[in-house]
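I opened my notebook to go through this structure one topic at a time. Here is what I looked up, in the order I looked it up.

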Amino acid sequence: MVDTIGALNKPLAGKRALIAGGEGEIGSVISAGIAADGADVAVAGLEKDKCQAVADRLATDGNRTAGYGFDITDPSSVDGLVDEIVQDWGGIDILVNCVGILKVNMAENFDAAEWRTVVDINLTGAFLLTQAVGKAMIKTGEGGRIVHMTSVRGSIGLAIGGFSAYGASKAGVHLLIKQLASEWGKHQISINGVGSGFVRTALSEAALQNPDFANMVAARTPLGRVAEIQEVANTAIYLAGARSSFITGQILYVDGGLSASQ
């Protein structure tokens, strides 16, 4: 007899998820949500100890969790991570990529080395990780779901400046999502992105303490406020599960209407 109630309560039971950057402020909330939905969760990032600490908090009697260390800019490290998870768990059904870096400077002053760092992590790293996981998914023939955390800055500019490297890298991720969704649809692999606007995090909290800045953000956003982390995480979790089964190649904006009104 099929346990329909259990399936509803744990819609990701039996799925194996890799959350890259899952130890971060947004990534850890996504990791927790995917674990709560019943999936096995591998938390991976630069510092294995931090990843393992998050994984330990997510472990239950019904799922497996583990922490892994890797460098998204190093092809051998990325391949080693995917190979290790596949060896440990037999495959990967879900990838959520939360790894990213923001360096802000006016375009005329942006340092070339810092530009390369942003592009290497945000765009090249996203490709390397997606490629490695995609190859593993293709090999098993079971399909899969890939979600990249991205930004409205990948589609719209900002007059106050400073986002040339970040925006360009995220625009590249947007096209990467569309291209790989087109190529890998025949393998039943869906690839989507979550394009957030301004999110209330520990990093942004200091800026939001400035009334002029907070009022500017609210005025530019139709819903009149910034996103909470859980709102962004909810969208990633939705795209990682079966409820979004016919969505691929899309950037789902979680920006309070910002991108619609520009």
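What volume does the largest cavity have? I read about 30 Å³ for the largest cavity. This is a predicted model, so I keep in mind that local features need pLDDT of at least 70 and side-chain atom pairs count only at pLDDT 80 or more, while totals for chains, interfaces and linings use all residues. Residues are numbered from 1 along each chain as its sequence is written, and side-chain values use heavy atoms, with hydrogens and water left out.

**Cavity.** I searched the whole structure and found 1 cavity of 30 Å³ or more. For my own record: on a 1 Å grid over the protein atoms alone, a cavity is a set of points where a 1.4 Å probe fits but cannot get out, a pocket is an open set with protein on both sides within 12 Å along at least five of seven lines, and lining residues have an atom within 4 Å of a point. A volume is the space filled by probe spheres set on the points, which are joined across faces, edges and corners. The lining of the largest cavity consists of N97, V99, N122, A126, H148, M149, K170 and V173. At least two lining residues come from each of α5 (112-140), β5 and α6 (164-184); helices (H or I, at least four residues) and strands (E, at least two) are DSSP runs, numbered from the N terminus.

Next I turned to the second largest pocket, with about 390 Å³ of space. It is lined by 20 residues, and G144, R145, Q188, S190 and S245 are the closest to its centre. β5 (144-151) and β6 (189-196) are the elements that give two or more residues to this lining.

**Cysteines.** How many disulfides does the search of the whole structure find? I got 0 disulfides, a disulfide being a pair of cysteine sulfur atoms within 2.5 Å. The sulfur of C51 has its closest cysteine sulfur in C98, 11 Å away, which is too far for a bond. C51 is also buried, at 0% relative accessible area (buried is under 20%, exposed over 50%, partly exposed in between; 1.4 Å probe, protein chains only).

**Rings.** I noted 2 aromatic pairs (ring centres of Phe, Tyr and Trp, its six-membered ring, within 6.5 Å; planes under 30 degrees apart are stacked, over 60 edge-to-face, the rest tilted). One of them joins F110 and W115 edge-to-face, at 6.2 Å centre to centre and 90° between the planes. F110 counts as buried at 14% relative accessibility, whereas W115 is partly exposed at 34%.
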